Structures are given as C-alpha cells and as structure tokens.
Amino acid sequence: MTLPTLLVLDADPPPRLGRLTGRVRVEHADASTLAGRLPSADVLLVWDFTSHAVREAWPGEGPRPRWVHTASAGVDHLLCPELAASDTVVTNARGVFDQPIAEYVAALVLAFAKDLPRTLELQRERTWRHRESRRLAGTRACVVGSGPIGRAIARTLDALGVTTALVGRAARDGVHGPEDLDRLLARADWVVAAAPLTDGTRGMFDARRFAVMQPSAYFVNVGRGQLVVEEALVRALRERVIAGAALDVFASEPLPGDSPLWEEPGLVVSPHMSGDTVGWRDELGAQFVELFELWEAGRPLVNVVDKQRGYVPGH
C-alpha cells in the first residue's frame, strides 16, 4: 500500500502529528524548497501561516496537492489565481481562534473604557491622579465581519452589556449589510474590524470611514492589517477624529522598529497575538489530524474555503 505524502510548510515548533504515524509519509519544506516538493505531495499543511511561499510557489510546473490546509483563519497569504482556479480543496482553522480573539477584544474595550493605559502610565510616573472612567454597559459596538470570530466578539460584548451590531458581506437575519455600515459607525462607541481580507475589504477603514465615527469612538483591528489605511488612522488619532485605537494586525509584519505606530499616542500595539492562548498550537495540530482522518476516509471535509470569496461561506 502506497502511503499518501503530507508536505508541511514548517514553522517552529512543528505540529504534533503522532496519530498519523504509519498512515502518511511526512515531508518538510521551507520557502526555498516548497516549489520543488509540491509536485510529489498529496496534502499540504501550511503550518507557517505567516509565509507567502505557497502563493509564490503554486504557479510552477507539475502536479499540485489535492488538499491544502492552513493553520490560520485567514487564507489571503496563500491564495493566488492559479490555486483559486484549481480543483484543490482549501481548508482553514475556523473554530480555534474565535473565543480567544473575542476575549482579547473584550479586554481591549474594557481597558479603554476604564482608562487602564493611562493608569499604568501614571503609575510609572508615580503620579496620583484621580479620574472618572466610562461605564461599558449601555454603550454600542459595531463589529465588521460576521464570521465565527465576529459572532464570538458580538456575544462576548453583549454579555458585558454592550449593544452590538454585526456587519457582513450581505444582510441577513441578525447581520447588517455593507449599506448600513456608515450609519452604524456613526453611532458606535467601539468599532471592531474582524473581516477577512478580500478585494472588497482591503483598505475599507480609510480617512472617510474614520471621519464618520464619533470623536469619542475607539477602533480595534483583529482582522487583517490591510483592512486599514494606516496613514489615515495615524492622522485620525493625531487630529482627535477618534479617541483611540488598538491594532493586533498590520500591513507589514513584524511591525518595523522605525514605524511611527509604536509611539503613536492613543494607540495600543500588539504583535498579532489576539488568538494565541496557551495550547493553541496543539489545538491546531489536533484539528488538522481530525480533518486528515476525514480526508483519508473519503468523507467531506469541513472548514472548506470558497476560493473566490476568500473565506468559509455559510456564516
């Protein structure tokens, strides 16, 4: 019996695939060797989900894997026209990051409402300065992105007493369409970007969108860095068009040391960690093994990405 070949685009630490021992031949690649090894692979596991190597290597010569799984929610780092047009099935890590990201967003919203960044700053200065903080219950949030992550964010904010509106690609029960976005932004205290990166969402938060928001509003991005025109956000903060912001994702990652975003007043910078809780890599590995067992048995895969839309449909 010939074992299928699983090619892993490596990252450190590697995935734990012990349950597949004896059932698959595992090979490894990095950005420099991926193109040469793709033709011999039946399955590709994109463990290094920060790499753009798949998008660069896929258009080459020879056969291509029948199934590609990425250990991430977003798929913009690997989709290219050739992969999108192929018969290859693409799956993602939908479900692993939903609640951790929702908790991270809630932590940021609470920190802004209770002025925790300023409290820590004053503590470092040994300054006793009494202030009043904001009550969270009764405020409004607009969450852009109605997938599992956006819905988890909405549920978590709702539990804190925040009235939350979800905006998705199209209007449906419980979800507003894009035509409602500006109206919802204009009344939101908290604006959360959790949308996938597509041609329709790239640069959607620009100078005009920030100008629509209230001067007291805060903006949080846990989606993709390219959703935001970063120069427009910097201007909005400096000119006090909005009250503050938090970015967990950026147009260029890692964020360069000379980026002005590091020292921008009113901006919280975190290194793309909102979904990464203790044990998250083990969850990603276990999820892939479960998917592999479906694939091995010839059963339909879950978390199948619509390659034209750039996300898993039906949510």
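**Entry 1: cysteines.** I looked up Cys 142 and found this residue buried, with a relative accessible area of 0%. The model I am reading is a predicted one. I then turned to Cys 80, which also counts as buried because its relative accessibility of 6% lies under the 20% cut-off. I searched the whole structure for disulfides and recorded zero.

**Entry 2: the sheet.** I traced an open sheet of five strands and noted the order β2-β1-β3-β4-β5, with parallel pairing. I recorded β2 (25–29) and β5 (89–91) as the edge strands, each pairing on one side only. I noted an average twist of 20° from one strand to the next. I followed the pairing of β1 (residues 5–9) with β2, which is parallel and runs over five bridges. Within that pairing, I found Arg 25 of β2 to be the bridge partner of Thr 5.

**Entry 3: helix α10.** I located helix α10 (residues 280–296) across β1, β3 (43–46), β4 (67–70) and β5, and I noted an angle of about 165° to β4. I listed the contacts of Phe 288 beyond four places in sequence: Leu 6, Leu 17, Leu 20, Val 43, Leu 45, Trp 67 and His 69.

**Entry 4: nonpolar cores.** I counted 47 residues in the largest nonpolar core, where Ile 153, Trp 190 and Phe 288 have the most contacts inside it. I noted the elements that give two or more residues to this core, including β1, β3, α4 (98–113), α6 (148–159) and α10. Apart from this core, I found another of 32 residues, among them Val 191, Phe 210, Ala 217 and Leu 247.

Definitions and conventions. Residues are numbered from 1 along each chain as its sequence is written. This is a predicted model: local features need pLDDT of at least 70, side-chain atom pairs count only at pLDDT 80 or more; totals for chains, interfaces and linings use all residues. Side-chain values use heavy atoms; hydrogens and water are left out. A disulfide is a pair of cysteine sulfur atoms within 2.5 Å. Buried means under 20% relative accessible area, exposed over 50%, partly exposed in between (1.4 Å probe, protein chains only). Two strands pair if DSSP finds at least two bridges between them. Helices (H or I, at least four residues) and strands (E, at least two) are DSSP runs, numbered from the N terminus. Axes are lines fitted to C-alpha atoms, for helices over the stretch in contact, and angles run from 0 to 180 degrees between N-to-C directions. Contact means heavy atoms within 4.5 Å. A nonpolar core is a set of buried Ala, Val, Leu, Ile, Met, Phe, Trp, Tyr and Cys residues joined through side-chain atoms within 4.5 Å.
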